[in-house]
Amino acid sequence: MAKPLDRIDRKILRALLGNARLSNSQVAEMVGLSPSPCWQRIRRLEQDGYIIGYVAMLDQRLLGATETVIIEVTLDRHDDEILESFGRAMAAMPEVLEVYLTTGEYDYFIKVAVNGTAGYEEFLRKKLYKVPGIRHSRSSFALRCLKQMHSIVPGIE
């Protein structure tokens, strides 16, 4: 069972969330620990599952995916077979950045990165609309990202 987080653990998580490339010495200095105990805490946070990985954030515009589109999807049915099939299809599409099963009017919230409106049309025709079980979708193009976080660390302001 994971050990509950204390104030120092939360500070470590906040520091790594801001920049996962910080050295152990830099994190230690930021949270007021010496390097050895800081390293031990980071390893424990990883082993306990609080830290599940480290990622590089890429500029999708420079990579040719200039548009972010939010798609809301409603399925025809909600049986296990359709839900699992839909999930596998979304996981297999490189344009799909995030997928959420939601409550409300739509069943899924999907975030995709595409190359302009032509890229989005191609994504719809060649990929999304070929997924069985989709009854309806609604799309919105993101104009600008005002905030992008991958997690939060409650309890530290």
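Hi everyone, this is a short tour of the side-chain contacts in the structure above.

Before we start, please keep in mind that this is a predicted model, where local features need pLDDT of at least 70, side-chain atom pairs count only at pLDDT 80 or more, and totals for chains, interfaces and linings use all residues. Residues are numbered from 1 along each chain as its sequence is written, and side-chain values use heavy atoms, with hydrogens and water left out.

Let's begin with the rings. Phe, Tyr and Trp rings (for Trp, the six-membered one) pair when their centres lie within 6.5 Å; planes under 30 degrees apart are stacked, over 60 edge-to-face, and the rest tilted. The structure has four aromatic pairs. In one of them, Phe 86 and Tyr 108 sit with ring centres 4.3 Å apart and planes at 35°, so this pair is tilted. Phe 86 belongs to helix α4 (residues 80-91) and Tyr 108 to strand β3 (residues 108-114), so the pair ties together parts that are 22 residues apart in sequence. Helices (H or I, at least four residues) and strands (E, at least two) are DSSP runs, numbered from the N terminus.

Are Phe 86 and Tyr 108 buried or exposed? Both are buried, where buried means under 20% relative accessible area, exposed over 50%, and partly exposed in between, using a 1.4 Å probe and protein chains only. Tyr 100 and Phe 109 make another tilted pair, 5.8 Å centre to centre with 50° between the planes. Here Tyr 100 is partly exposed at 41%, and Phe 109 is partly exposed at 29%. Ring pairs also link Tyr 120, Phe 123 and Phe 141 into a cluster.

Now for the charges. A salt bridge here is a side-chain nitrogen of Lys or Arg within 4 Å of a carboxyl oxygen of Asp or Glu. How many does the whole structure hold? The search finds 12 salt bridges. Arg 41 bridges to Asp 6, with the closest N and O atoms 2.9 Å apart. Arg 41 lies in helix α3 (residues 35-47) and Asp 6 in the segment before α1 (7-18), so that pair joins parts 35 residues apart in sequence. Arg 41 also bridges to Asp 9, at 2.8 Å between the closest N and O atoms, and both Arg 41 and Asp 9 are buried. Elsewhere, Arg 135 and Asp 76 meet in a salt bridge at 3.9 Å, N to O. Arg 135 is exposed at 54% relative accessibility, while Asp 76 is partly exposed at 46%. Finally, salt bridges that share partners join Asp 6, Asp 9, Arg 41, Arg 44 and Asp 48 into one network.
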